[in-house]
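Biologist: Good morning. Could you take me through how this model is put together, starting with its helix contacts?

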Amino acid sequence: MDDLTKTQRSFARKAMHQPKHRFADLYHLICREEWIATALHAVLANTGSRTAGIDGVTKRQLATDQAKQRFITTVRTELKAGCFKPTPVRRQYIPKPGGKRRPLGISTIKDRVVQMLLKMLLEPIWEADFFPCSHGFRPEHRTMDCIAPLYGLMNPKVKCYWVVEGDISGCFDHVSHTILLNLIEKRVADRRILALIKSFLKAGVMEDGLVHETDEGTSQGNIVSPLLANLYLTELDRYWWDHYGVTPTT
């Protein structure tokens with residue numbers, strides 16, 4: 001078992017057994033060369049790496065071992081020096097049913113790698129806090145996990161006959177940065193990690209050659225956004241449980 005996996009499992013155990021523990025001294029981990037190399041490998045394995053952010057860099061420019069090592073060294077140097085700064089995402093729209101369009105934010109590969117580092121670091125911690133009924137964007141969860149409980153509920157004995165499907169309009173686009181950061185602080189005490197997350201939230205969007213500020217939301221398309229959204233929506237699950245004794249399946 002490598003050190004990265006050992007660290008993640010250690011965080012998961014501590015988070016599970018100490019629900020109110022705040023993790024400190026995390027930042028140095030994302031500066032480790034082996035962590036950055038793992039994050040880069042994961043990003044380049046995704047088909048989206050063929051699509052460039054605003055800097056124009058794609059997977060093709062990182063095809064050789066030498067190019068990858070230079071990239072890793074650059075990211076590590078910037079993170080250690082505290083001078084890494086996310087760039088605005090490139091706005092792209094994809095069609096939705098009914099003629100609508102969903103806005104996506106295309107990050108640079110460098111930003112995607114740092115987002116992946118944050119995901120690698122924080123996901124094991126927050127997984128301990130998520131409700132078992134929450135399945136979206138989570139490791140080892142799938143659509144059938146949402147459907148399976150219905151077989152035990154929809155029968156004459158329990159008398160549940162309806163499934164209600166709902167959606168939160170513009171969920172990713174309207175996440176409150178203040179609320180989200182306050183939720184993150186419940187588990188993360190490292191100010192540098194908090195500042196890094198905030199810098200991604202505030203990085204802005206480039207559309208038609210103009211950069212627009214992002215005062216709310218977490219960009220769809222960002223690697224870390226689904227994890228942040230799950231953290232945010234866990235409060236809805238908790239409210240539902242506290243008031244109704246049941247949790248919605250998401």
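Modeller: From H1, the residues Leu 4, Gln 8, Phe 11, Ala 12 and Ala 15 meet Met 120, Leu 121, Pro 124 and Ile 125 of H5; contact means heavy atoms within 4.5 Å. The model is predicted: local features need pLDDT of at least 70 and side-chain atom pairs 80 or more, while totals for chains, interfaces and linings use all residues. Numbering starts from 1 along each chain, and side-chain values use heavy atoms, without hydrogens or water.

Biologist: What classes of residue make up the contact of H1 with H5?

Modeller: There are 8 nonpolar residues and 1 polar residue in the contact of H1 with H5, and no charged ones. Ala, Val, Leu, Ile, Met, Phe, Trp, Tyr, Cys and Pro count as nonpolar, Asp, Glu, Lys and Arg as charged, and the others as polar.

Biologist: And at what angle do H1 and H5 cross?

Modeller: Helix H1 (residues 3–17) and helix H5 (residues 109–126) cross at roughly 30°, and their axes come within 7 Å. H1 is therefore roughly parallel to H5 (angles under 35 degrees; over 145 is roughly antiparallel, 65 to 115 roughly perpendicular, the rest oblique). Helices are DSSP runs of at least four residues, strands of at least two, and angles run from 0 to 180 degrees between N-to-C directions of axes fitted to C-alpha atoms.

Biologist: How does H3 cross H5?

Modeller: Helix H3 (residues 33–45) crosses H5 at roughly 115°, where the two axes come within 9 Å. H3 brings Trp 35, Ile 36, Thr 38, Ala 39, Leu 40, Ala 42, Val 43 and Leu 44 to the contact. H5 answers with Ile 109, Arg 112, Val 113, Met 116, Leu 117, Met 120 and Leu 121. By class, the contact of H3 with H5 comprises 13 nonpolar residues, 1 polar and 1 charged.

Biologist: Which residues of H7 and H8 meet?

Modeller: His 177, Leu 180, Leu 181, Ile 184 and Glu 185 of H7 meet Arg 191, Leu 194, Ile 197, Lys 198 and Leu 201 of H8. The contact of H7 with H8 has 6 nonpolar, 1 polar and 3 charged residues.

Biologist: Changing topic, what lines the largest cavity?

Modeller: Its lining is Leu 118, Ile 197, Phe 200, Val 224 and Leu 228, so the classes are 5 nonpolar, no polar and no charged residues. The volume of the largest cavity is about 30 Å³, and the structure holds 1 cavity of 30 Å³ or more. On a 1 Å grid, a 1.4 Å probe fits in a cavity but cannot get out; a pocket is open, with protein on both sides within 12 Å along at least five of seven lines, and lining residues have an atom within 4 Å of a point. A volume is the space filled by probe spheres set on the points.

Biologist: What is the second largest pocket like, in volume and lining?

Modeller: The second largest pocket has a volume of about 380 Å³. Its lining has 16 residues, and Asn 46, Gly 48, Arg 112, Gly 221 and Ile 223 lie nearest its centre. At least two lining residues come from each of H3, strand E2 (101–106) and H5. The classes in this lining are 6 nonpolar, 8 polar and 2 charged.
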